Amino acid sequence: MPDRSTADGLGGSSWRRDQRRSGLEAFAALAMPTSADESWRYVEHGVDLDSLPLAGPTSRPMPAENGREAAMVIADGWVGGGLDAYQKEQRPESLVPATTDRFAAAHTAFATGAFVLEVPKGKTHPTVFIDVQATQPGTVTFPHVIVSVGENAEASVIMSTRSVEGDMVVVPRVELMVGDGGRLSFTTMQRFGTRTRSVSHQRAVIGKDATLRLGEVGLGGAFARLDLGVDLVGGGASVDLVGVFFGEKEQTLDYRLVITHVGRHTSSKVFLKGAVEDQARSVFTGLLRIEKPAIRSHAFETNRNLVLSEGAAAHSVPNLEILCNDVVCGHGSSVGPLDPEHLYYLQSRGLSRPRAERVLVRGFFEEVLARLPAQEVAGDVRDALTDRFVAAQKEGRVR
Amino acid sequence: MRWHRVAAADEIPLGGAALFELGDDRVAVFRIGDSFYAIGDECSHAEASLSEGEVFDMEVECPRHGSAFDLLTGEARSLPATKPVPVYQVRVEDGWVAIGIEGGDG
């Protein structure tokens, strides 16, 4: 792993050098997380950060996909050209403290730059497509995206994360700030290569009467973790998260959510559906925390999981922590196979068994796809999900 | 019969499909290997687009309720659909996929 001299060599302004130093301290002080840590329960990340070099700028960027030209390419953590008007510096105060975990500490110490999108007060920014890629096996990279939406401003962002085949580690960080009355839609399409391990931190702070719509699509990676924290700070702030994932083979997909209601009349909705097949496993832990001042708040989270093979497993742990007595909260969670009664019914209507399974799997995901904030990618996601199940059916990997 | 060129042949992915609107006709064109097949896009059972369905052994499966239609004859091969969908003639002209529409002379 890169050390102090690497961090110093990366340079930057004086506050950035101080920030790097705090990252280095946390990196030296913290141990790698293990499944004995509460927030890493049920999973093994399989990463040895100390053995990996930091990737330099790539000489082989990945080609654009489906003819979709990105406004911004971040390759191996290095912020590329395009959208030149935006700064590429990080900020003195990160929403992700270096002490969050050792991955976050390494990010603070070694990230090579950030893409910052700032939408000024009252302005509406057209959809920005960000292409985050990792192209060098045997390395670790630290992509960084910051979106700041000003008062009564509006923006939408689609961030695709992908990587080539080969063992590597990617630690993306996303910070979202939505000012009073602002509206932001942010969708992540996680499609890392099958041998990539990623630990992603996303944080959002939402102001008065502001709205954040989050889309989280999880398809790739050998191990892919999303550590998401949303703070509803201003009165009337709201967050609406819609997510879908599908794990296959030996994949582990790990979702850790903490949504904190601070302001009055704040509202949160979490709707995450996923499937696992083969030996894949998924974890969802979702904490809704309602602070004392957050009276008249609404908070709901739903996590539904389909387990399509005997060797696959899904853990779902929703949690409520309510410190205020005038709120409406709820959670729903389920883990199970395709409903045998549904299958029986469809077969009684003349559908063959494999066909009935496909109809049910498609229908399961359709509910999420229809609600994804970035409808322009819903078709791609639907195809990827269907293809994954059909391939497993053809090879007899399900049931 | 009037022929309409709708797309370059290589624009339709192998094993995939594309939807074209020709006047009142909505036509789903499927590519299996180097062959193209064209049928009415709307499932005869309920509103759904067959071009979004998967193809299994020359049958397209409706993404909504799982009805299956024969790509060559348009016949319904699996419930819940019972009625066929229309079939269109399709050919490749100079690298273009062309669809033939009856009564479209002029």
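A residue is called buried when its relative accessible area is under 20% and exposed when that area is over 50%, with partly exposed in between (1.4 Å probe, protein chains only). By this definition A:Asp278 is buried, with a relative accessible area of 6%. The model is predicted, and for this reason local features need pLDDT of at least 70 and side-chain atom pairs count only at pLDDT 80 or more, while totals for chains, interfaces and linings use all residues. Residues are numbered from 1 along each chain as its sequence is written, chains are lettered from A and ligands numbered from 1 in the order in which they are written, and side-chain values use heavy atoms, with hydrogens and water left out.

**Chain A as a whole**

- Chain A has 6 helices and 20 strands, where helices (H or I, at least four residues) and strands (E, at least two) are DSSP runs numbered from the N terminus.
- The radius of gyration of chain A, 21 Å, is close to the 21 Å that the globule rule gives for 399 residues, so the chain is as compact as a globular protein of that length; the radius is taken over C-alpha atoms, and the rule is 2.2 Å times the number of residues to the power 0.38.
- Taken along the principal axes, the box filled by the C-alpha atoms of chain A is roughly 70 × 50 × 45 Å.
- Of the 399 residues in chain A, 56% are buried.
- Among contacts in chain A with a separation of 6 or more, 85% are between residues 24 or more positions apart, a contact being heavy atoms within 4.5 Å.
- Chain A exposes about 15900 Å², and carbon and sulfur atoms supply 50% of this area, which comes from the Shrake-Rupley method with a 1.4 Å probe; for residues, only the protein chains shown count as cover.

- Helix α2 (residues 14–29) of chain A has 16 residues and reaches 23 Å from its first C-alpha to its last, close to the 22 Å expected at 1.5 Å a residue; the expected span is 1.5 Å times one less than the number of residues.
- The buried residues of α2(A) include A:Arg16, A:Leu24 and A:Phe27, and seen down the helix axis the buried residues fall within an arc of 165°, so they line one face of α2(A); the arc is that of the directions from the helix axis to the C-beta atoms.
- On the other side of α2(A), A:Glu25, A:Ala28 and A:Ala29 are exposed, whereas the cover over its buried residues includes α1 (4–9) and α3 (102–110) of chain A.
- Helix α6 (residues 378–394) of chain A has 17 residues, which should span 24 Å at 1.5 Å a residue, and its end C-alpha atoms are 24 Å apart, in agreement.
- Among the buried residues of α6(A) are A:Val381, A:Leu385 and A:Phe389, and the buried residues of this helix pack against β10 (183–191), β12 (211–218), β14 (238–247) and α5 (353–369) of chain A together with β5 of chain B.
- A:Gly396, which follows α6(A), has a positive phi, near 70°.

**Where the chains meet**

- In the contact between the chains, 13 residues of chain B meet 11 residues of chain A.
- About 1000 Å² is buried between chain B and chain A, with 46% given by carbon and sulfur atoms; buried area is the accessible area (1.4 Å probe) that two parts lose on being put together, summed over both.
- B:Glu54, B:Phe56 and B:Glu61 supply 46% of the area that chain B buries against chain A, more than any other three residues.

**Individual residues**

- A:Glu216 lies in strand β12 of chain A and is buried, with a relative accessible area of 4%; among the residues that it touches are A:Thr188, A:Leu226 and A:Val244.
- B:Leu50, in the loop between β4 (35–40) and β5 (54–56) of chain B, counts as buried at 0% relative accessibility, and its contacts include B:Phe30, B:Cys62 and B:Val85.
- B:Leu79 and B:Pro80 are joined by a cis peptide bond with omega about 10°, and B:Pro80 lies in the loop between β8 (76–78) and β9 (87–93) of chain B.
- A:Asp278, in the loop between β16 (267–276) and β17 (281–290) of chain A, has a positive phi of about 60° although it is not a glycine.
- A:Asp76 also has a positive phi, near 55°, in a residue other than glycine, and it counts as buried at 2% relative accessibility.

Technical notes:
Lists of a residue's contacts leave out its neighbours within four places in sequence.
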